[in-house]
Amino acid sequence: MATNWAACIQGSREKELEMTDSTLDEFASLRARLERIEAVEACRGRFNAYLYYLDAGHLDDLLGLFADDARLELQNFPPGTGGNLHYTGHDAIRKLYAAFVGEGARHHSANVSVVPSEALDRIEITAYFLTAIEYTLTGGIYELQLQQTGHANWQISRMRISSTWGWAIPHSN
């Protein structure tokens with residue numbers, strides 16, 4: 001019985017090609033998943049850096065997290081007043097934060113949700129927050145939108161801070 005080596009070789013090449021296509025598809029899928037994970041973690045890091053820079057008094061580093069044309073919205077600010085404030089761009093945002101950065105407050109977040117867009121060009125973050133200042137405790141919700149501004153670089157393009165509750169302990173100094 002004669003073996004048709006040409007058919008065996010052809011069949012082997014087809015199988016090798018199928019495995020290669022399958023492997024390439026799997027690699028592309030894994031790469032896309034890794035890019036999503038890296039983007040989510042980069043944005044989570046930017047959010048944590050925001051909290052750190054705010055508490056530690058690093059105003060320029062804090063502003064560097066925001067896009068040049070970023071929008072910042074504060075709802076019910078100062079807490080309990082019902083006032084809504086809006087700031088657009090670094091200069092306006094700087095004026096607000098210059099009064100608060102490093103003032104001794106401690107900002108804490110919980111239930112942080114980080115959701116990337118399908119195109120992976122935008123990420124939305126929501127989180128509860130607590131802010132502790134001497135004799136005062138407030139809380140509310142952060143809502144951020146980050147845009148990719150370069151390879152692995154994300155900046156806050158929109159941020160809404162809603163102060164929803166708070167109290168102060170009566171004291172005399």
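Val112 lies in strand β3, where strands are DSSP runs of E with at least two residues and helices are runs of H or I with at least four, both numbered from the N terminus. The model is predicted, so local features need pLDDT of at least 70 and side-chain atom pairs count only at pLDDT 80 or more, while totals for chains, interfaces and linings use all residues. Residues are numbered from 1 along each chain as its sequence is written, and side-chain values use heavy atoms, with hydrogens and water left out.

With a relative accessible area of 29%, Val112 is partly exposed; buried means under 20%, exposed over 50%, and partly exposed in between, with a 1.4 Å probe and protein chains only. Not counting residues up to four places away in sequence, Val112 touches Arg44, Phe47, Ile125, Thr126 and Ala127, a contact being heavy atoms within 4.5 Å. Ala127 is 15 residues from Val112 along the chain, and their C-alpha atoms are separated by 4.3 Å.

Strand β3 (residues 106–116) also holds His107. His107 counts as buried because its relative accessibility is 16%. Its side chain makes a polar contact of 2.5 Å with the side chain of Asp55. Such a contact is a pair of N or O atoms within 3.5 Å; within protein, one must be able to donate a hydrogen and the other to accept it, and residues adjacent in sequence count only if both atoms are side-chain atoms. Leaving aside neighbours within four places in sequence, the contacts of His107 include Leu51, Leu130 and Tyr142.

Leu130 is found in strand β4 (residues 122–133) and is partly exposed, at 34% relative accessible area.

The structure holds nine aromatic pairs. Rings of Phe, Tyr and Trp (its six-membered ring) pair if their centres lie within 6.5 Å; planes under 30 degrees apart count as stacked, over 60 as edge-to-face and the rest as tilted. The rings of Tyr50 and Tyr97 have centres 6.1 Å apart and planes at 75 degrees, so this pair is edge-to-face. The pair links distant parts of the chain, with Tyr50 in helix α1 (residues 5–56) and Tyr97 in helix α3 (residues 90–98), 47 residues apart. Both Tyr50 and Tyr97 are buried.
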